[in-house]
Structure formats: C-alpha cells, structure tokens
Amino acid sequence: MSAERDFIPLSICVLTVSDSRSLAEDSSGDYLVESLQAAGHRLAERALLPDDRYRLRAVVSRWIADEAVDGVLVTGGTGFTGRDSTPEALRPLLDKEMPGFGELFRAISFEEIGTSSLQSRAFAGLANATFVFCLPGSTSACRTAWERIVRDQLDARTRPCNLATLRPRLRE
C-alpha cells in the first residue's frame, strides 16, 4: 500500500480552435505541446482549425476513435462570441461529463481574473475512454488549466487519485 506509483506516459492530441491564428502564431497550442512533453507525455497529433463545429467534431471524433490516443486538449472556442462553438461541437461526443473540471477551472480563474471568469465555458469529459479537456484560447488560461489541474490529474503519481490510473478501467 505504500509503494510509489510509476509515471505512465500518455498519448495526447492538441487542437487549437481559431479563426485568426496560424500554427506559427499559436502560443496556446505551443504551450500545451511543450508542457505535456515536458511532463513526459507524447504528442500524438496537433491541429489548428477554424471555429466550425462540424470540422472540430470530425477531427476530435477521429482522435477519440483511435485506441492509441489517451487524451485530447482543445484550446479556443469556449467563449460567448457568435463564432465560439467548441462546447456545442464537442459535448455531444462525450460519454460522461466531468463537471468538476469546469467548476474548478472557473474558481481558480476567479482568483486570477475576477468575475471575468464567468465568461469561460471550459469543460471536460470522457469520450470512448479518452479524456477531453476544452480550454479557453488564451495562453494564460491554458497555463492555469495545465499547471493547476490537468498536469496532476494526468500523472499517475498524484495522490490520492488521478485520471491516469483509471485508464485500464474506462472500458469496463
């Protein structure tokens, strides 16, 4: 019972949703890729798409159908403007929502940006045994989500529990 857990590297995809950025200007996607790799995980694939719910759904559907993919990090499209459609695009793919992620993200964000945090529609869930995290498009919001929540939950060494060690049981 006192044995330390080993780190389990996960295979993670990163999707940036933006109508105005290219990969060369994608600081949020760059941050997530660098951070997941620095933590010891593998980048499975990276993409940047305009905010089009059907294109987003198609790419994420392909990733969650791939048994080699353990997680998907999406940045962008979670706000309130007319083009922000990440929640509408990806929530239908989820088998189970993880309401605690969005609640915790907004609570932590409140410490950093005050009441502006209520504009975040960040969310997470499980789709075909793949973790899906949908984050705001700003690099600072991605940093908050990764450093304060996601990194530890994707690390099998996090106690008392974490998402990484659930992987073998997700298809039960």
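The model is predicted, so to speak of local features pLDDT must be at least 70, and side-chain atom pairs count only at pLDDT 80 or more, while totals for chains, interfaces and linings use all residues. Residues are numbered from 1 along each chain as its sequence is written, and side-chain values use heavy atoms, with hydrogens and water left out.

Let's begin with the overall dimensions. The C-alpha trace spans about 50 × 35 × 30 Å along its principal axes. For 172 residues, a compact globule would have a radius of gyration near 16 Å, and the 15 Å of this chain agrees with that; the radius is taken over C-alpha atoms, and the globule rule is 2.2 Å times the number of residues to the power 0.38. Of the 172 residues, 49% are buried, where buried means under 20% relative accessible area, exposed over 50% and partly exposed in between (1.4 Å probe, protein chains only).

Now to the fold. The chain has 5 helices and 6 strands, following the pattern β-α-β-α-β-α-β-α-β-β-α along the sequence. Helices (H or I, at least four residues) and strands (E, at least two) are DSSP runs, numbered from the N terminus. An open sheet of 6 strands has the order 2-1-3-6-5-4, with mixed pairing; two strands pair if DSSP finds at least two bridges between them. At the edges are strand 2 (42-49) and strand 4 (96-97), each pairing on one side only.

Strand 5 itself deserves a look. In a regular strand the side chains alternate between the two faces of the sheet. Phe 123, Gly 125 and Ala 127 point one way, Ala 124 and Leu 126 the other, and all are buried. Phe 123 stands opposite Cys 134 in strand 6. The hairpin of strand 5 and strand 6 has 2 residues between the strands, and in it Asn 128 takes a positive phi near 50°.
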